[in-house]
Amino acid sequence: MGLSIRAYARHRGVSHVAVKKAIDTGRITQGADGTIDPEQADRQWEQNTASPRKPSPAPKVAVAPKTPRAVAQEPPPESPTPTLSTGGTSLLQARTVNEVVKAQTNKVRLARLKGDLVDRSQAIAHVFRLARTERDAWLNWPARISAQMAAKLEVDAHALHVAIEAAVREHLMELGELRARVD
């Protein structure tokens with residue numbers, strides 16, 4: 001009794017498709033019962049194949065014995081998770097980074113929906129309007145208050161108005177030199 005196609009493929013060290021192809025092209029023959037005689041098929045394979053192929057044994061890997069020094073310098077064993085190296089980052093690391101970015105993006109979206117975040121350009125425009133309103137209020141203040149102060153102090157109203165207005169403008173110029181950063 002012979003071998004099945006798959007068993008002969010294992011014996012030969014080839015795929016079962018290669019054995020089927022050899023049978024179909026007439027390089028080897030099957031018995032009446034559909035099995036393959038391995039000795040006869042090996043001879044036929046060698047005679048009818050342009051480049052004969054011997055069954056290839058499993059490759060042997062030479063391992064150098066570990067010296068005590070080599071064992072001490074050996075890096076710690078890596079995690080059992082297989083990694084596909086892609087330019088310095090593993091697939092697992094890339095997926096982790098992707099998930100972190102998604103989480104941060106979702107956190108920002110949620111904060112915006114709750115109203116905890118505002119648009120930067122809108123915030124800058126709002127601060128500018130507030131500062132302009134404050135400046136205008138200070139520039140109008142000397143005209144409103146100078147007459148009342150002059151009456152209480154019993155001084156010339158016009159002279160007091162000019163003095164207060166000059167002081168307010170000087171103070172606003174000092175404040176204008178400050179540069180507010182909105183980062």
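I took a residue as buried when its relative accessible area is under 20%. With that cut-off I went to α1, where Ala7, Tyr8, Ala9 and Arg12 are buried. The model I am reading is a predicted one.

**Entry 1. The chain as a whole**

I began with the inventory of elements. The protein chain has seven helices and two strands. I read their order from the N terminus as α-α-α-α-β-β-α-α-α.

Among contacts in the protein chain with a separation of 6 or more, 39% join residues 24 or more positions apart.

**Entry 2. Helix α1 and its neighbours**

I returned to α1, which covers residues 5–12. What do the buried residues of α1 pack against? I found that they pack against α2 and α3. I then took the two partners in turn.

For α2, residues 16–25, I noted that its axis and that of α1 come within 8 Å and cross at roughly 110°. The range for roughly perpendicular is 65 to 115 degrees, and α1 and α2 are therefore roughly perpendicular to each other. On the α1 side, I listed Ile5, Arg6, Tyr8 and Ala9 as making the contact, and on the α2 side His16, Val19, Lys20 and Ile23. By class, the residues of this contact of α1 with α2 are five nonpolar, one polar and two charged.

For α3, residues 38–48, I noted an approach of the axes of α1 and α3 to within 11 Å, with a crossing at roughly 60°. That angle makes α1 oblique to α3. I recorded the crossing of α1 past α3 as right-handed. The residues that meet are Tyr8, His11 and Arg12 from α1, and Pro38, Ala41, Asp42, Trp45 and Glu46 from α3. I sorted the residues of the contact of α1 with α3 into four nonpolar, one polar and three charged.

Tyr8 turned up in both lists: in the contact with α2 and in the contact with α3. Tyr8 is also one of the buried residues of α1.

I looked at what comes after the helix. α1 is followed by Gly13, which has a positive phi near 85°.

**Entry 3. Helices α6 and α7**

I moved on to α6, residues 120–153, and α7, residues 157–176. How do the axes of α6 and α7 cross, and at what angle? They come within 8 Å and cross at roughly 155°. Angles over 145 degrees count as roughly antiparallel, and α6 and α7 are therefore roughly antiparallel to each other. I noted that their crossing is right-handed.

I listed the contact from both sides. From α6 come Arg135, Trp138, Leu139, Trp141, Pro142, Ala143, Ser146, Ala147, Met149 and Ala150, and they meet Ala157, Leu160, His161, Ile164, Glu165, Val168, Arg169 and Leu172 of α7. By class, I have 13 nonpolar, two polar and three charged residues for the contact of α6 with α7.

**Entry 4. Single residues in this region**

I looked up Glu154 in the loop between α6 and α7. Is Glu154 buried or exposed? With a relative accessible area of 72%, Glu154 is exposed. I also noted its phi, which is positive at about 55° although Glu154 is not a glycine. For background, most residues other than glycine have a negative phi.

I then turned to Ala157, which lies in α7. Ala157 has a relative accessible area of 33% and is partly exposed. Leaving aside residues up to four places away in sequence, I found Ala157 touching Ser146, Ala147 and Ala150. I also took a C-alpha separation: Ala157 and Ile145 are 12 residues apart along the chain and 9.8 Å apart by these atoms.

Last, I checked Ile124, which is in α6. Ile124 counts as partly exposed at 37% relative accessibility. How far apart are Ile124 and Arg181 in space? I have 9.7 Å from C-alpha to C-alpha, for a sequence separation of 57 residues.

How values were computed: Residues numbered from 1 in each chain as written. Predicted model: local features only at pLDDT ≥ 70, side-chain atom pairs only at ≥ 80, totals over all residues. Heavy atoms only, no water. Axes fitted to C-alpha atoms, helices over the stretch in contact; angles between N-to-C directions. Helix = DSSP H or I, 4+ residues; strand = E, 2+ residues; numbered from the N terminus. Parallel < 35°, antiparallel > 145°, perpendicular 65-115°, else oblique. Left-handed = near helix turned anticlockwise from the far one by under 90°. Contact = heavy atoms within 4.5 Å. Nonpolar A, V, L, I, M, F, W, Y, C, P; charged D, E, K, R; others polar. Buried < 20%, exposed > 50% of the residue type's maximum accessible area, 1.4 Å probe, protein only.
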